[in-house]
Structures are given as C-alpha cells and as structure tokens.
Amino acid sequence: MNIWIAIGVTVLGCYAVKLAGLLVPAGVLERPLVRRLAALLPVALLAALTAQQAFADGRSLVLDARAAGLAAAAVALMLRAPFLLVIAAAVAVTAGVRALGG
Amino acid sequence: MTSAGSGLTLLQTCALSLLVFTGASQFALVGALAAGGGPFTAAAGAFFLGVRNAFYGLRLSQLLALPRAVRPFAAQWVIDETAAVSLAQPTRRGARLGFVVTGLSLYVLWNLTTLFGALGAEAIGDTDAWGLDAAGPAVFLALLAPMLRTGTERAVAGLAVLLGLGLLPVLPAGVPVLVAALAAPAVLWARGRRSATHQDGPREEER
C-alpha cells in the first residue's frame, strides 16, 4: 500500500510541475527578461545533465570510458557530423575504450 | 528491471512508467523505496527531479503556442528529450513536429521497455559493454551544441556544468541540477550589471 501512495504522490507532483510550466500566461513571457531567462534555463539544465550523465556514477564523480565517448561526440559535432553519427561515435569510442582498458 | 528488484509488482512498475514518465524521477522513487525510505520521502526526491520539467514547459509554451485545451495532454510529454529536440528546431512547425514525434516514440519505447524489463525478459547482455551508456550524454550534447550561439549561452553552460558536477556529491539526487539552473539568472544578472556600468560600450547580447 505504501508503494501505491508513493507512486500516487509522485505521479501528481511530476504532472503538476510539467503542466505549471506550460500554463504560465503568455503575457508574462513577453517581458524581455523572462524571455531571456526561459531561453537560458534549458541551456543550463542540459549542460548540467550532460556532465552528470558522462562523469557521475551515482553520487560520486568518475572519469571513465564515457568521457572518451563524449569527447568523440564533441569532435564529431565540431566536424558538423549528422546527429546519428555523433551518437554512434560516442557509443563506438566508449565501447572501444572499455574493450581495451576494461 | 530495476524496480522489479526492489519489491514493486508488475502493475506498480508499469503504472509508474505510464503515469510519471520522467525517467530520473522513476529511478529515484524506486531507489528510495528499495533503500527503505518512506513513501513521502521517496516521492519528495522524485518530485525534485521532476521540477526541472517546469522550466522546459516555460520555454516550450511560447515556442509551441499550444491551444489551452491541448496543454493538459501535452504536459505529460514535457521532459528533457522532447524539450531538447523541440528547442533545436528553427521553426514552430518543426518544433511542434519534434515535440510530438519525440514524445510519442519515447513514450511508447519507454513503456514497452519497462514492461519487458519487468516481465523479466532477458536483458541484451551488459549494455555498458556496448558503450550504450554514452549515448545519453552524447544526445544531450548534440542537442545543446546549437544553442551555444553567444558568449552568454556558453557562460551559462559552463557554470551549470561546474555546479551540476561540483554539488553532486554533497546534495541529494536531483537538487544539483536545479541549483545548476541558477546559472541562467546568475549570468544574466552579471551581464546586466556589466552593461549597466559600460552604457556606451557595444552590447554583445544585442547581436
């Protein structure tokens, strides 16, 4: 029963925050400062998430094969490679480094 | 897969996946329950991980310009991936299409994976050995890269990376990313101050 309570609370909470963002009135969003901020927030969030997914293991920071994969993705991006090639480069390099170094 | 190991039933696992649909929150909830946390403590952690979706919604609502009646349905799909793909599109049409395609395909895939995982289907071996865990950050990086047009965006991204990684070991799961979001107002504020003191100087932001 406890688990169902936890699921219920999480479902409601997570849905409410998703909806809240969409329901902010358009008038508020037309103010230049809010526009700038709303444009920059995803940049901050994505950057932090990218770093955490590449360099974190649970709550500790690690430098492993994923870092090499991310570097490969960065190089591919700078060479203006298509999206799927960027991902493939990251996956292949990570697998390669793991196969070599364990 | 993870949740099956922590005492959730098949129905509970699938309900969680269908109704919450925010991967990080699901894992956090399951992890906290497995560690013996109470239902409200566990839900609070999951909630913190979900708060960032509100920021995506803020940006998406002006980008997609959805009719009011559609918003409650679209809301469920406001997650990292849909926001990233939509924001990367140059036109509103593209953004809407990106949002729907990403939302639908992820929703279907995610829930099928959950179902099969929970059914105990054989995993495809060690996914880490294939380097698949690097796909996540690579996708985010590829989506982030076109957004880094000016120095302001780069400063925000750099500061967010520092905050997100630096605070990871010391704050509860989900909170570091929220703190990293503060990089956006912080950089805007710093730029505002600088342009206020150099009124006559060229303003990089106005390009």
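A residue counts as buried if 20 or more other C-beta atoms lie within 10 Å of its own, as exposed if 12 or fewer do, and as partly exposed in between, with C-beta atoms placed from the backbone. The model shown here is predicted, so local features need pLDDT of at least 70 and side-chain atom pairs count only at pLDDT 80 or more, while totals for chains, interfaces and linings use all residues. Residues are numbered from 1 along each chain as its sequence is written, and chains are lettered from A and ligands numbered from 1 in the order in which they are written.

**View 1. Chain B, a chain of helices.** Chain B has eleven helices and zero strands; helices (H or I, at least four residues) and strands (E, at least two) are DSSP runs, numbered from the N terminus. Of the 207 residues in chain B, 43% are buried. Take contacts between residues at least 6 apart in sequence: in chain B, 60% of them join residues at least 24 apart. Two residues are in contact if their C-beta atoms, placed from the backbone, lie within 7 Å.

**View 2. Where chain B meets chain A.** Here 74 residues of chain B are in contact with 61 residues of chain A. On the chain B side, helix α4 (residues 52-64) supplies the largest share, eleven residues. That side has 56 nonpolar, twelve polar and six charged residues. Ala, Val, Leu, Ile, Met, Phe, Trp, Tyr, Cys and Pro count as nonpolar, Asp, Glu, Lys and Arg as charged, and the others, Gly among them, as polar.

**View 3. Helix α5 of chain A against helix α8 of chain B.** The axes of α5(A) (residues 83-101) and α8(B) (residues 135-144) come within 9 Å and cross at roughly 145°. Axes are lines fitted to C-alpha atoms, for helices over the stretch in contact, and angles run from 0 to 180 degrees between N-to-C directions. Look for A:F83, A:V86, A:I87, A:A90 and A:V91 on one helix, and B:A135, B:A138, B:V139 and B:A142 on the other.

**View 4. Inside the largest nonpolar core.** A nonpolar core is a set of buried Ala, Val, Leu, Ile, Met, Phe, Trp, Tyr and Cys residues joined through C-beta atoms within 7 Å. This one has 86 residues, and A:A44, A:A48, A:A90, B:A138, B:V156 and B:A160 touch the most other members. Helix α3 (residues 32-55) of chain A gives the most, 13 residues. Leaving out residues up to four places away in sequence, B:V156 touches A:L40, A:V43, A:A44, B:A183, B:A184 and B:V187.
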